[in-house]
Number of protein chains: 2
Amino acid sequence: MPAQPKARPAQRPTMAEVAKAADVSLQTVSNVLNAPHLVRAQTRERVEAVIAATGYRPLKAAQTLRTQRSHLIAVIIPEPGQWKGELHNAFLHALTRRAQKSGYRILLFTAADDDEEIRAYDQLLGDYTLDAFVITGTHTGDRRTSWLRRKGVSFVTFGRPWGSAATHPWVDVDGADGERKATEHLIAAGHRRIAFLGWPEDSDVGEDRKAGWEQACRAAGLPTDGLVVSIEDDLARGRAACARLLDSPEPPTAFACVSDTIALGAWTEIAARGLIPGQDVSVIGFDDSSAAAAVGLTSVAQPLDEVADACLAALSKLRSPARTSARPSSGKIPKRAQQRVLLQPQLVIRGSAPSPENTENTEKRTS
Amino acid sequence: MPAQPKARPAQRPTMAEVAKAADVSLQTVSNVLNAPHLVRAQTRERVEAVIAATGYRPLKAAQTLRTQRSHLIAVIIPEPGQWKGELHNAFLHALTRRAQKSGYRILLFTAADDDEEIRAYDQLLGDYTLDAFVITGTHTGDRRTSWLRRKGVSFVTFGRPWGSAATHPWVDVDGADGERKATEHLIAAGHRRIAFLGWPEDSDVGEDRKAGWEQACRAAGLPTDGLVVSIEDDLARGRAACARLLDSPEPPTAFACVSDTIALGAWTEIAARGLIPGQDVSVIGFDDSSAAAAVGLTSVAQPLDEVADACLAALSKLRSPARTSARPSSGKIPKRAQQRVLLQPQLVIRGSAPSPENTENTEKRTS
DNA sequence: AACAGTGTTTTGAACGATCAAATCGATCGT
DNA sequence: ACGATCGATTTGATCGTTCAAAACACTGTT
């Protein structure tokens, strides 16, 4: 029996095989895929037919090696319980969905703190040929963004460059606007003493949201003194804070909260006192968690799908590896997507703070 | 000015550069990394020194192309709100952490249902050179596992092959055991009528957990008739079911629940009646969500870190591309990691169902 | 009839690593 | 002292794709 004649059984087809079957060169197949305008229509159709028949798909590993572009975007997955597990999870999902539509994939990594995260960047960049990072939870004095910039890596942040004039692309949700909408909703329902249950003052996001509440109160001539509480993001603390305020000489009739966690604490305390949330005392949370939906808590929802879209759009600068050529850049500036995007959240109205006209528990959204 | 003499500024070092600097061949550098025993100690040290000095790291894309191994494991990220968002998120985190310790990375993808998921597998396998999949949420008649098997792809499932004798590697948590522990805990605290708030009967996981409750009751000679409720995983329904049972002629004094969501519903109803959870009526949930921790709900915790470890260990069969060689396999069977692992959950005791001797709200874990 | 200009296709090299086999020295047995 | 054996290292080919430049085939000009 002669030596096996190159038997290649049911393997994944390669570009060379497609080329042979279509009786063209390798490069022509490549052109059909990457630069169709260079190929004569007739030839192109023939090649495309073979591609369809064989189910050929270019191998990413080979493409990556050659082009230095992997179609991979790295994103952190936070420690459970940290930075709003549920919110981040929904964001990750949106990002993954959107990315895979445009041919990208999300690569996960973990890190307990910013320094560890920077080390993770270094590792990832050493191993893989990443196209970009999506960074979440930016804050004042964030070292991660400057590190990435220094390394020349593309990235977007979900979160503004708080407290710095950094010019990197970012996408964020207008927390002040959200809290303002929540507060105005309460005012429209007739409330005149509206408390704000917030986070400790070192939180950029927290201060932003607080500002929204304050603006709305000011604009309506309502008091704010003695109506602010700063606590860690914890249901029990939210409950305690709510109790304290309700027992004060001039108790508020509504609570605007910096998070659903804290709002649920308030909601629990109100219910435990035999009061009816949304009727006797109103509560509004932030982030529209599943728990909020479950108990009927009105909450401010972040448009995560849009955030994900905007992040990916901002990364569309993944073009041209910036090679300085003698060719003068033609006067046309490449229209790049928005690099700094601030999106508006929505108020999801439920029983804990219903609309003035309509006291039903029906859920509705207002932008 | 002469042509630029191969100026290579601060690029990432390649293996060739390391080889030149250490005055050895390419292959020797490769051997130092992949088969150190083949290299003379003195040479090895010299090469290692250069590697350390230059910070050289092999490029995954090139390795992947050559070895057909990417060190990538694909995992689904479920739609928010589906299959226990929080639980899956924690699982993903554990998996990512463990994987990156062993040089692997997690690649995300999404899919709305099983068919779409299979299409996603096909896409991923077409593009990337994946090492394996981790599948979650297996169920009776699951088409995904048979598809993967047919394609010859390595994978593990988090979840048993319910209702089939499939032989693929899997890791699961013993839900019956968890619910039994919960029920026994309630029995030890003196409860004699313990209800079970469960899911509709088409859920494999739900039936497994229910069996645990039933076993514990039977073993203690306690009644089960009329104490089972089947509802969707929803807080409001849990609350309603709890109310119905409490209003029945022979109301239970404790609730073992199939999930934290439902347990929180029960908890809410109990609290709303002015009863004190854990004192008047006890409740135990399942999954130890952050909400359970927040309100002090006793719950059954899945050992997700161990699940992740076991999944990765089961995948350690990522060896040998199965080439049939003439070399007879030596008698030694390669010790492979456990391919079928059933882990035991832990009861996390909190106020809603305290220990008999100790009515404090202190949190403790018992295995 | 030779030439420039287009449009289309092919050739050759390269990306960065690993595999398979060849080579080179030194050691060993008889 | 000579081939055999073994350890250490090198050479050559290859994974599947894209880039850069060359080659080819026409058309229209002069």
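User: How many residues does the contact take from chain A and from chain B?

Analyst: The model is a predicted one, in which local features need pLDDT of at least 70 and side-chain atom pairs count only at pLDDT 80 or more, while totals for chains, interfaces and linings use all residues. Residues are numbered from 1 along each chain as its sequence is written, and chains are lettered from A and ligands numbered from 1 in the order in which they are written. Chain A gives 39 residues to the contact and chain B gives 39 residues. They count because contact means C-beta atoms, placed from the backbone, within 7 Å of each other.

User: Which elements give two or more residues to the side of chain A that touches chain B?

Analyst: In chain A they are α4 (60-67), α5 (85-101), β2 (105-109), α6 (114-127), α10 (235-246), α11 (260-272) and α12 (290-295). The labels follow DSSP runs numbered from the N terminus, with helices being H or I of at least four residues and strands E of at least two. The largest share, nine residues, comes from α5(A). By class, this side has 20 nonpolar, 12 polar and seven charged residues; Ala, Val, Leu, Ile, Met, Phe, Trp, Tyr, Cys and Pro count as nonpolar, Asp, Glu, Lys and Arg as charged, and the others, Gly among them, as polar.

User: What joins β2(A) to β2 of chain B?

Analyst: Three bridges do, and the two strands run antiparallel.

User: In what order do the 12 strands of the open sheet lie?

Analyst: The order is β11(A)-β5(A)-β4(A)-β3(A)-β1(A)-β2(A)-β2(B)-β1(B)-β3(B)-β4(B)-β5(B)-β11(B), with mixed pairing. At the edges stand β11 (340-343) of chain A and β11 (340-343) of chain B, each with a single partner strand, so one side of each has no neighbour in the sheet. Neighbouring strands are turned by 20° against each other on average, direction ignored. Within chain A, β4 (155-158) and β5 (170-173) run parallel and are joined by two bridges; A:Thr157 stands opposite A:Trp170 in β5(A).

User: At what angle do α2(B) and α3 of chain B cross?

Analyst: Roughly 90°, and the axes come within 10 Å. That makes α2(B) roughly perpendicular to α3(B). The contact of α2(B) with α3(B) divides into three nonpolar, two polar and two charged residues.

User: What is the handedness of the crossing of α8(A) and α9(A)?

Analyst: The crossing is right-handed. A crossing is left-handed if the near helix is turned anticlockwise from the far one by less than a right angle, and right-handed if clockwise. The axes of α8 (175-188) and α9 (204-219) of chain A cross at roughly 35° and come within 7 Å. By class, their contact has seven nonpolar, five polar and six charged residues.

User: Which residues come nearest to DNA strand D?

Analyst: Of the 26 residues around DNA strand D, they are A:Met15, A:Ala62, B:Ser25, B:Gln27 and B:Thr43. A residue counts as near if its C-beta atom, placed from the backbone, lies within 6 Å of the molecule or strand. The surface near DNA strand D has 13 nonpolar, 10 polar and three charged residues.

User: Which residues come nearest to DNA strand C?

Analyst: A:Ser25, A:Gln27, A:Thr43, B:Met15 and B:Ser30 do, out of 25 around DNA strand C. Elements giving two or more residues to that surface are α2 and α4 of chain A together with α2 and α4 of chain B.

Conventions: Contact = placed C-beta atoms within 7 Å. Pairing = 2+ DSSP bridges. Axes fitted to C-alpha atoms, helices over the stretch in contact; angles between N-to-C directions. Parallel < 35°, antiparallel > 145°, perpendicular 65-115°, else oblique.
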